[in-house]
Amino acid sequence: MDSALIPEGVKRCSLWKFLLALALVSAVLMWGVYAMLLCWVKGLNQTNMNDYYGFALWIWADLAVIALGGGAFFTGLLKYVFGKDELKYIINYAVLIGFICYSSAQLILGIDVGQPLRGWFIFWHANVHSMLTEVAFCLTCYFIVLTIEYIPLSLENRQIKKVPFFANLTHNMHSAMAVFAATGAFLSFFHQGSLGGVSGVLFGRPFSFREHILIWPYTFFLFTWSAAAFGPSFTLFVTWLTEKITRKKLVKDEVIHMVAKISGWMIITYIIAKSADTLYWMFNTAPSQGLQWSFFYQNNPFYGKWILFTEIFICGFLPGLLLIFKATRENPTFRVTALVLGIIGVCLNRWVLVLQTLAAPVLPFDSWVLYIPSWQEVATTILPIAYGVILIMISHRYLPIFPQERELNPIDAPPASVVSRQPAPTAVVEGQSA
Amino acid sequence: MLPFLFEWVWDMGHYVFHGAVWAVLSIIGMGMTFCIIKSVVDTMQGKTGHDPHH
């Protein structure tokens, strides 16, 4: 029934199988929607946030998905501004993943803000001394850019592109994409940075406070750097996952290896800078405030030194090294291991800077306060994942996301006897499965 | 926020924040306007919009 919408020359699963999978993911989505409605109708008392945890699971999820969606701006920057043309084979997917990540972040913020009807206040009554205002401005503008980048892809649907205006619009938007990509990179630099800057400027929270370059704390630069480093890793990981689920090769190895190499070098340079920043904080910033760094990793059941070791060595240096050396980069097992470790590493970094910052005591009579999210928080955090899976499923089925898919997965020509009976042989060779 | 609102102050913070956001929105808006107008013109001229990249 939907075969007329499927891109030419590629195979897709049967419609009933597709709808069944869609229904399963939609059930998870509805669970999240139910929790979201509870938060909107009954209020933030549905969460386990309190006076210690004004920022909690949602803000961590926000920061994590924004970092992981960084593949879109960095890949776009490399392709459209620095002219890495080979990236055209993966840029569509990077944009789709970025679009999902940023729309998810906005959705989460829409729940977290408590009063979504007043969401526009941050634009109209802007506090120009707040890094979060910069985040809100840049995040919204960059989401518009991502939408603009996603539009030509959606207009390339087999039926839509038959309309001359849409075909011309697709062509013209592709021609102007360098302007949008450069704008997106500018916006990403600032909002990724400002998300890190939020923790870095908290002089009342010595765990996350950092020294500054002009008005920007070191965390500002580290956040942007880490998003550019781990974002492409996430794009590669989701591509690998999609290949496993569809049981098809979707992107050529040369492209995968090139992105993995770029990501590896970005990770290794980032983690060296991160290590230098951590050492400076350990032996300079924290002592200047009368504190020893080890204080932040003791007297509590969860936040030990293991978390620092894991973030920097196991999920930082290790994936970086695995990706920069040709032998390990081109070995699928090592490469995927590195990608997973990198993704865990950047998520752990965001967790530490949001949650551990708030958990550590800041007054002499204070103690460590740990936090366990409510099921409503968990469900609303899983909600964007289900939404992302659905959008990927629909986009992959109906849009030509992977330009190399047809070449890598040629559809067998039908037997000559069948062809001879067909009035229009080309239609058979195209061979969509319904 | 727009300069004619009572909350507006002519200081560096407002120049930088709002200057940047309005500049970006203008670039995005002009870019999209250009694409849409050019597409209308191309369609009226009978172009098919073939893109060699895709």
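**Figure 1. Helix α11 of chain A in the predicted model.** Helix α11 of chain A comprises the 20 residues 305–324. At 1.5 Å a residue, these 20 residues should span 28 Å, and the end C-alpha atoms lie 27 Å apart, which agrees. The model shown here and in the other views is predicted. A bend of about 25° occurs in α11(A) at A:Glu311. A:Glu311 is also one of the buried residues of this helix, together with A:Cys315, A:Gly316, A:Pro319, A:Gly320, A:Leu322, A:Leu323 and A:Ile324.

Figure 2. Helix α9 of chain A covers residues 218–246, 29 residues in total. From its first C-alpha to its last, α9(A) reaches 42 Å, close to the 42 Å expected at 1.5 Å a residue. Most of α9(A) is covered, with 22 of its 29 residues buried. The residue that follows the helix, A:Arg247, has a positive phi, near 55°.

**Figure 3. The largest nonpolar core.** This core contains 122 residues. Those that touch the most other members are A:Leu68, A:Val95, A:Leu96, A:Ile97, A:Cys141, A:Val145 and A:Phe230. Helix α6 (residues 131–155) of chain A gives the most to the core, with 15 residues. Leaving aside residues up to four places away in sequence, A:Leu68 touches A:Cys101, A:Phe230, A:Gly231, A:Phe234, A:Ile343 and A:Val346.

Figure 4. A:Tyr387 belongs to helix α14 (residues 375–398) of chain A. Because 20 other C-beta atoms lie within 10 Å, A:Tyr387 is buried; the threshold for this class is 20 or more. When residues up to four places away in sequence are not counted, A:Tyr387 touches A:Leu29 and A:Ser104. A:Ser104 is 283 residues apart from A:Tyr387 in sequence, yet the two C-alpha atoms are 8.1 Å apart in space.

Figure 5. A:Leu214 lies in the loop between β1 (212–213) and β2 (216–217) of chain A. Its phi is positive, about 55°, although the residue is not a glycine. A:Leu214 counts as exposed because it has 5 C-beta neighbours inside 10 Å. A:Asn299 is located in the loop between α10 and α11 of chain A. Phi of A:Asn299 is likewise positive in a residue other than glycine, near 60°. With 11 C-beta neighbours inside 10 Å, A:Asn299 counts as exposed, since the limit for that class is 12 or fewer.

Figure 6. Chain B has one helix and zero strands. Its radius of gyration is 18 Å, well over the 10 Å that the globule rule gives for 54 residues, so chain B is more spread out than a compact globule. The C-alpha atoms of chain B fill a box of roughly 50 × 25 × 10 Å along the principal axes. Of its 54 residues, 11% count as buried. The contact between the chains involves 30 residues from chain A and 25 residues from chain B. On the side of chain A that touches chain B, α6, α7 (164–175) and α8 (177–200) each supply at least two residues. Helix α7(A) gives the most to this side, with 10 residues. By class, this side of chain A has 18 nonpolar, nine polar and three charged residues.

Definitions and conventions. Residues numbered from 1 in each chain as written. Chains lettered and ligands numbered in written order. Predicted model: local features only at pLDDT ≥ 70, side-chain atom pairs only at ≥ 80, totals over all residues. Helix = DSSP H or I, 4+ residues; strand = E, 2+ residues; numbered from the N terminus. Expected span 1.5 Å × (residues − 1). Bend = angle between axes of the 7 residues up to and from the residue. Core = buried A, V, L, I, M, F, W, Y, C linked by C-beta atoms within 7 Å. Contact = placed C-beta atoms within 7 Å. Rg over C-alpha atoms; globule rule 2.2 N^0.38 Å. Nonpolar A, V, L, I, M, F, W, Y, C, P; charged D, E, K, R; others polar.
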